[in-house]
Amino acid sequence: MPRRLAIFLRRMAVVVAMVIAFFPIFWLFSTSVKPYDEWAAWPPVWISDHPTLQNYRIVFFPKAARAFAAKQSGSLDYKVSGSAWKAFEDSAIISTCATFLSILFGTLAAFSIVRFRTGGPNYAFQFLTVRMMPPIAVVVPIVALFSMLRLADTYFGMILAYTAFTLPFSIWMIRSFIEEAPQELEGAAMIHGMGQMEAFIKVTLPLVKGGILATALFIFILNWSEFLFALVLTSGNVVTVTLQVANYVSASSGKLYGVQAAMGAISTLPVILFGYIIQRHLVRGLTFGAVKR
Amino acid sequence: MTPRLEMRGLSKRFGDVEAVSKLSLALAPGEFVSLLGPSGCGKSTTLAMVAGFEPPTAGAVVVDGKDMTGTPPGRRRIGLVFQDYAVFSRLSVRDNLLFGLEAQRLPRSERKRRIEAMAEKLELGSLMRRRGASLNMSEMQRVAIARALVTEPSLLLLDEPMSNLDASLRAALRGELKLIQKQLDQTVLYVTHDQIEAMSMSDRIAVMRAGRIEQIGTPEDIYHRPATGFVAGVIGDPPINLVACTVKRSGTKAAVASPLHKGVELESADMPDGEHALGVRPHDVKVSRRPRSDHLQASVRFVENLGAENILHLEFGSSLLAAVTPPGFAAAGEDVWIKAEPRQLHFIRRDDDRVVRAKGA
Amino acid sequence: MKRLFNGIGPSRRDVLKAGATGLAGFAMSPLLGRGAHAEQWALKNIHETAAAKAKELAGSRNVSLKIMQPSGSLGNVKPVGDLWTKATGIPVHYLEVPLGEINQKVLLEAVSKSGSFDLALPATFGIPDLAESGILVNLDKYAQKYEPTDYQKDVLYTIGDYYKGSLYGYQTDGDTYLMFYNKDWLDNADEQKGFSDKHGYALKVPDTWEQLDAMMEWFHRPDKGMYGGALFRTQYFIAWEWWGRFHAKGFYPLADDLTPQINNDAGIAALEELIAASKFLYPGARTNGLFENFEAFGKGDKFADIGWGGTQKFLNSDKSKIKGRLAFGDMPGGMVNGELLRTPYFNWGWNYVVSSVSPDPEIAYLFSLFACSPVMSTIAVRDPGGYFDPIRGIHYKDPQIQKTYTEEFLVAHKHSMINSIPDFYLKGQGEYFDELRVNIAAADAGTKTAKAALDDCAASWERITRRMGKRSQSVQWHFLKANYPAGIRDRLK
Amino acid sequence: MIETEARDGAGGVHAAGALHVEAEPVGRSGLLARLGIPFNVALVLPAQLTIMVVVVVPTLIVLWLAVTDWQPTQDLAWWQAQFIWFWNFNDLWYDQRFINALIRTVFVVGVCIGVELSLALALALLFVEEWWWKRLAVSVIILPMMVVPVDAANAFFMLFNDRGPINHMITVLIGRPFTFSWLSDPTWAMLPIMLCEIWQWTPLMFLMVLTGMMALPQNQVRAAVALGASPVRIFRRIVLPLLMPVIGIAVLIRSIETFKIFDPVYILTRGQPGGATETISMYMYNGAFVYFRMGYIAAAALIVLVLVLSICIALSKPLKRHT
């Protein structure tokens with residue numbers, strides 16, 4: 001029956017798309033548990049017969065990993081790096097603080113823009129241009145400026161940079177949430193003697209708190225995943241997870257596939273988790289609220 | 001003569017729910033038939049099956065004698081007008097009309113001829129270059145109808161095309177639509193929940209209820225001789241008056257008693273003993289300002305002035321009754337005398353909702 | 001001790017002096033007066049004296065040292081740091097940055113002057129840029145004060161420690177580029193006969209690039225799973241091989257007036273030979289970095305490999321199928337005027353340098369003196385998982401190090417170290433070399449002819465030199481040239 | 001400071017007279033009042049100041065650096081750098097590597113956006129209907145956009161390794177060993193980078209298009225079906241035009257983001273081999289942080305900024321209109 005066949009073919013196409021979407025992630029996780037001699041074997045090992053946690057040990061417990069390697073022949077005597085704990089700690093601190101500031105500043109600004117039409121119709125757009133410029137174009141002067149202000153390679157400097165570059169997202173996303181909330185309720189509250197800010201905080205904010213939470217998670221993801229600023233604005237005092245991934249890579253000595261994959265798998269897990277929590281709002285975020293779902 | 005459209009025992013099940021059940025209906029060429037019923041009665045499903053968007057669970061759709069049940073919508077020679085008109089908003093009116101013709105691969109000259117003819121008939125000349133999105137409701141309706149008709153379909157299906165319009169526009173468009181249909185001698189299946197639309201335009205009306213056709217007939221029939229209490233209730237404005245009545249059978253005869261009348265007899269086989277309902281249309285209630293021997297007294301509670309006529313809401317015993325009179329006939333608080341002819345009484349069986357008429361009616 | 005490493009020519013220090021004094025008009029010779037004060041500081045226990053001095057300098061102050069090091073070098077740095085802390089009470093903190101990024105990070109500190117580190121371990125070739133940026137402390141004054149006269153005599157390669165005649169940091173890593181061969185294949189009598197029948201000379205560790213190329217071609221039988229070589233062809237590595245091939249033809253990369261000579265006939269021939277040799281490499285050569293490279297050579301199905309001490313650490317481990325079946329050699333040379341010219345090449349290395357914004361540069365210097373002392377550097381080099389390869393003569397006698405590398409290898413390594421030509425230690429090294437890399441990779445990929453690639457590169461070099469300041473570059477170039485190993489210096493044009 | 005404002009606002013201190021007022025701004029702290037800063041302006045101040053420090057001031061610094069030859073290796077602070085008029089721009093004009101990087105980036109944007117959009121449309125068409133594991137399918141398909149880009153790039157590095165699974169699959173397909181070195185071939189090295197970008201961001205495009213398709217006026221499609229048009233014609237003449245606004249936004253936003261492409265290039269090739277994969281961001285990174293030619297790269301940055309911003313602002317009408 002051709003109709004049945006058509007449906008079958010369409011479902012097959014969906015399955016193929018799912019496989020393609022999942023495959024690189026599968027490979028990342030699969031490699032992360034491969035012992036050293038299977039990382040770059042030919043033919044490649046798809047699923048290891050000898051899965052090991054050694055790569056994860058190298059990431060988190062370099063000393064223990066080394067002791068393990070010494071006992072086990074056939075295990076990699078990798079170059080010793082520091083533990084990745086610091087990277088996770090730093091990334092968590094920076095991402096959380098930057099997210100908080102971005103959301104706080106963004107909410108205030110969005111409130112002002114929506115309720116008072118502050119700055120006229122083009123004002124909000126001005127923030128978007130921040131997102132349009134390639135960060136690499138301003139990275140050189142930021143390095144110069146941050147050096148002057150003693151902000152290079154500090155938490156505060158990173159937080160400042162991340163806050164600024166996520167503000168367009170938070171302002172535009174929160175703006176779209178506030179616009180959807182009914183203004184009449186605020187008006188009613190003000191008739192009952194609340195100030196406008198109070199009315200906003202007590203009436204509108206609870207209505208849009210789900211949206212703001214989604215925005216916060218979204219911005220956290222952006223911060224957590226950021227690489228270029230981390231690469232350029234830090235020099236060892238601050239280490240982010242994306243940098244730590246690069247720490248297992250080098251132009252001269254090749255890549256530690258398994259270790260990198262382990263680091264990649266762990267660093268990407270929270271992002272995927274948060275991503276699914278805010279799945280409904282992800283598109284809105286990535287399109288500055290232009291596409292709602 | 002082959003019917004333009006024939007539905008043969010059409011049924012549709014969605015899981016446990018039977019949306020349409022064994023529905024049969026035939027439309028003669030040039031006939032205007034309405035499917036009338038409240039929302040959820042299965043009329044839209046029927047339409048979807050006829051148009052080809054829903055495959056029927058059982059039964060067949062036959063157009064011009066050809067079984068079209070498995071044919072995709074585009075090849076059924078059926079024109080379709082949607083409730084929201086579905087005018088292609090990104091295309092010009094001309095392109096809207098062209099759309100179906102291009103699909104039919106007609107020669108260019110023929111397309112042009114048809115479009116111009118249709119534009120003239122529906123007075124679309126000034127709209128041809130406008131984008132679909134820029135039209136108002138009545139313009140859209142005309143474009144939607146023109147778009148369907150220009151393909152010269154065997155059958156035109158209209159799905160509640162007036163429900164988005166305001167009342168005054170509706171009245172005007174009803175006439176317009178009927179006129180076009182007559183001019184073109186176009187067979188139409190018209191789906192609506194509005195009895196006025198159905199009554200005013202249809203050659204025949206099929207009243208639907210819970211997936212079945214309750215009654216098929218001319219507007220006349222349906223109005224004066226409703227087959228069931230449901231039909232009687234659906235048709236008519238203001239709605240039919242319902243009064244309780246009692247049936248007492250003796251031998252082959254059955255006597256009905258109600259506050260409105262005395263001594264009407266029915267065939268005893270038609271109605272069992274006991275409490276039933278009696279329906280009488282407000283237009284059929286005769287009202288007199290003076291007492292008459294065969295009239296009953298009632299008092300006017302309030303008056304609804306419709307301009308051309310008044311509706312009196314009468315207090316009559318323990319029940320309320322509406323009656324239509326010329327304007328200024330009576331005022332609130334006055335007493336009037338009323339009567340209903342036995343042949344205009346519709347006795348509605350409590351058990352199966354069937355309407356039974358008085359003997360000799 | 002001097003005898004031990006002094007295989008050829010005068011000692012390194014003598015060479016440096018010669019280079020410096022040979023340049024009349026440039027006052028850059030504090031070397032001569034060096035060590036006057038430090039007479040009483042003996043080399044043997046310099047680590048103790050340096051630590052004691054540091055402790056004294058720190059006094060009751062709360063001093064700590066921050067070291068910025070490339071990722072993966074903790075195994076070399078931390079054991080020494082721990083001993084330092086034990087000896088001085090001065091704690092050491094480690095900042096790890098991606099290996100490829102460390103020079104950039106040190107340089108950016110010149111801009112930010114944030115004092116984020118006291119010591120760093122940049123790659124040696126970046127010292128000219130870093131010195132010019134002002135972020136490095138010119139160590140001459142401290143060396144004069146503390147460095148024992150014979151401190152560097154035992155160090156096999158020190159050119160990279162100096163820029164324009166001044167000391168900027170101590171070398172920690174013997175990163176000379178040398179060759180590994182499949183000994184079984186070399187020793188196979190049938191192969192030997194077949195090869196010498198065809199080429200008229202014996203199949204043995206090759207002396208020249210020409211011989212190496214011939215041998216790789218000879219052994220390249222992909223259908224039998226045998227490959228000629230595991231030389232690098234990724235962009236980052238490819239220029240080094242050409243650098244060796246080019247020097248082996250008897251030329252400096254720059255003329256005395258800084259005109260590039262890289263695009264002369266020798267340069268073009270060297271590049272064409274390199275491209276021709278690409279045919280005899282194993283399939284992964286074009287993508288593989290160091291790690292994948294020695295892993296591949298460890299399979300034992302390839303004839304020749306190029307690499308550093310780290311390569312040997314792997315090849316000599318249980319993971320390598322070729323363990324114990326290896327022959328070693330300098331990077332091949334060439335015949336110049338009928339005589340063999342070898343130009344081994346020191347192309348990486350890490351130097352301890354002191355930050356000019358460190359609050360305690362003197363203590364930081366003392367740490368580098370401590371860490372590079374014979375005893376401490378031996379401990380650092382011992383780490384089997386680190387980067388550091390033997391650099392001092394004394395390292396070659398350490399049983400643990402001998403076990404890691406094999407004595408046979410160490411002989412070759414030492415020979416190569418002593419004769420190594422320096423990398424291109426000029427300001428803008430990154431730019432010069434990247435230009436070279438891009439062009440050579442393009443020529444190897446076939447998108448440019450060898451001549452066009454080198455002409456383009458030479459043109460870029462001229463522009464870079466002009467931008468960097470010709471006078472300044474000229475000073476360093478002449479200093480560098482004067483410090484090429486003596487036996488080679490005289491034969492290069 | 002921010003909290004103070006909020007509290008004062010909540011206290012409902014009345015004050016009037018803000019710029020661009022629609023609803024009258026109410027509530028102002030004492031300090032702000034004395035400074036003459038209207039309440040609504042005070043609200044945007046934190047955001048605006050942050051942007052000032054991190055974006056506006058640096059942009060001004062770019063203007064200065066672009067006319068200097070500043071390099072950190074000169075041991076000069078950036079404000080002491082030597083003024084060299086417009087020589088940087090002159091050099092850039094003749095810098096084939098810069099021009100190539102620009103052209104290459106535009107090429108990458110074109111290819112990636114084209115492929116992403118086509119795939120997204122095709123996928124979205126598969127997802128208009130309902131079936132029982134549709135939600136699962138959507139969840140899996142949007143997975144890539146949640147992966148940290150650096151990790152995604154690493155995964156693709158492994159996939160396209162000469163001994164990676166891609167070559168393995170090709171080997172199995174063609175039946176003889178295939179160990180092509182994708183990342184070191186000047187002709188092909190761009191492919192894994194673009195595939196990585198496409199893999200990661202097609203899901204976003206897909207979700208946007210699907211959102212648009214779900215909101216499509218269904219009856220227009222049914223009307224077209226009833227008129228007998230072929231699926232292709234319906235898609236081209238009815239669906240696509242209706243999707244245009246959403247597609248416009250998707251293309252605009254993705255183009256902006258793709259133009260900045262850096263992470264996969266850095267991880268996969270760093271612009272190698274022979275500069276064959278050097279996008280504009282990679283070029284500027286190499287120039288600024290490998291060669292330390294800060295002044296020169298500032299000039300390049302200025303050109304790119306002017307280019308990108310003018311194009312973006314010109315094309316941003318859909319974004320403005322839509323919101």
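Me: Which residues is Val239(A) in contact with, leaving aside its neighbours within four places in sequence?
Reply: Val239(A) is in contact with Lys86(A), Ala87(A), Asp90(A), Thr234(A) and Gln244(A). Contact here requires C-beta atoms, placed from the backbone, within 7 Å. This is a predicted model, in which local features need pLDDT of at least 70, side-chain atom pairs count only at pLDDT 80 or more, and totals for chains, interfaces and linings use all residues. Residues are numbered from 1 along each chain as its sequence is written, with chains lettered from A and ligands numbered from 1 in the order in which they are written.

Me: Where is Val239(A) found in chain A?
Reply: Val239(A) lies in the loop between helix H10 (228-233) and helix H11 (241-247). Helices are DSSP runs of H or I, at least four residues, numbered from the N terminus.

Me: Why does Val239(A) count as buried?
Reply: Val239(A) counts as buried because it has 27 C-beta neighbours inside 10 Å; the criterion is 20 or more other C-beta atoms within 10 Å of the residue's own, placed from the backbone.

Me: Switching to chain D, how many residues of helix H7 (residues 149-159) are buried?
Reply: In H7 of chain D, 11 of the 11 residues are buried, so the helix is largely enclosed by the rest of the structure. Among them are Phe156(D), Phe157(D) and Met158(D).

Me: And how many residues does the contact take from chain D and from chain A?
Reply: The contact takes 89 residues from chain D and 83 residues from chain A. On the chain D side, helix H3 (residues 39-65) gives the most, with 17 residues.

Methods
Helices (H or I, at least four residues) and strands (E, at least two) are DSSP runs, numbered from the N terminus. A residue is buried if 20 or more other C-beta atoms lie within 10 Å of its own, exposed if 12 or fewer, and partly exposed in between; C-beta atoms are placed from the backbone. Two residues are in contact if their C-beta atoms, placed from the backbone, lie within 7 Å.
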